[in-house]
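Hello,

Here is the structure I said I would pass on. Please look through it first; my notes follow below.

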Amino acid sequence: MGEIIRKQGLLIDNEKRNWEEAIRICGDLMVSLGSVTGEYTDAMVDAINKLGPYIVIAPHIAFAHAQAGTHVLKNDLVLVVFKEPVVFNCGNDPVHLMFGICAVAPDSHLEILQKLVEIIDGDKAYEEIRSCNTTEELYKLINK
């Protein structure tokens with residue numbers, strides 16, 4: 001299996017964050033990699049303000065994203081592991097794993113979603129990912 005998420009797309013955050021700060025950290029990571037513009041991060045925050053915490057798709061796991069194409073420079077997938085719980089005020093709280101997804105076209109996200117399934121498939125995946133303390137450890141686990 002090839003590289004699912006490159007090392008530069010991984011971040012472990014140890015600070016207490018609210019949901020908006022968490023989204024902005026994830027978005028800023030994608031901006032730093034040249035995958036999106038700063039407006040993409042704003043669009044992710046706006047979407048949650050308008051639609052609620054729909055990105056929290058399972059207990060402890062969120063897929064942060066905005067509309068495909070708009071402000072996206074290239075398809076990408078990043079992961080931020082929040083050691084402190086991030087609360088979205090929804091049934092799947094708290095969030096500890098936030099995947100950032102961006103796609104240049106609506107259908108191009110399917111490949112990215114397939115990669116996500118590879119990462120979180122399995123009963124122990126969440127705990128194994130959450131227990132990582134360094135990005136090196138996280139990189140080896142995700143790309144094994």
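Is D76 buried or exposed? The model is a predicted one, and in it D76 has a relative accessibility of 7%. Buried means under 20% relative accessible area, so D76 counts as buried. This residue belongs to strand β4, which covers residues 76–86. Its side chain is also joined to that of R6 by a polar contact of 2.9 Å.

Next, the cysteines. A disulfide is a covalent bond between the sulfur atoms of two cysteines. The count here is zero disulfides. The cut-off is a pair of cysteine sulfur atoms within 2.5 Å. For C26, the closest cysteine sulfur is in C102, 9.4 Å away, and that is too far for a bond. For C132, the closest one is in C26, at 17 Å, which is again too far. Both residues are buried: C26 has a relative accessible area of 0%, and C132 has 3%.

Last, the nonpolar cores. The largest has 27 residues, and those touching the most other members are I23, Y40, I55, F88 and M98. At least two residues of this core come from each of α1 (19–32), α2 (38–51), β3 (61–64), β4 and β5 (95–102). The most come from α1, which gives seven. Setting aside neighbours within four places in sequence, I23 has contacts that include T41, M44, I55, F88 and M98. Another core, of 21 residues, lies apart from this one, and I12, L97, I129 and I142 are among its members.

Regards

Methods. Residues numbered from 1 in each chain as written. Predicted model: local features only at pLDDT ≥ 70, side-chain atom pairs only at ≥ 80, totals over all residues. Heavy atoms only, no water. Helix = DSSP H or I, 4+ residues; strand = E, 2+ residues; numbered from the N terminus. Buried < 20%, exposed > 50% of the residue type's maximum accessible area, 1.4 Å probe, protein only. Polar contact = N/O pair within 3.5 Å; in protein donor to acceptor, adjacent residues only side chain to side chain. Core = buried A, V, L, I, M, F, W, Y, C linked by side-chain atoms within 4.5 Å. Contact = heavy atoms within 4.5 Å.
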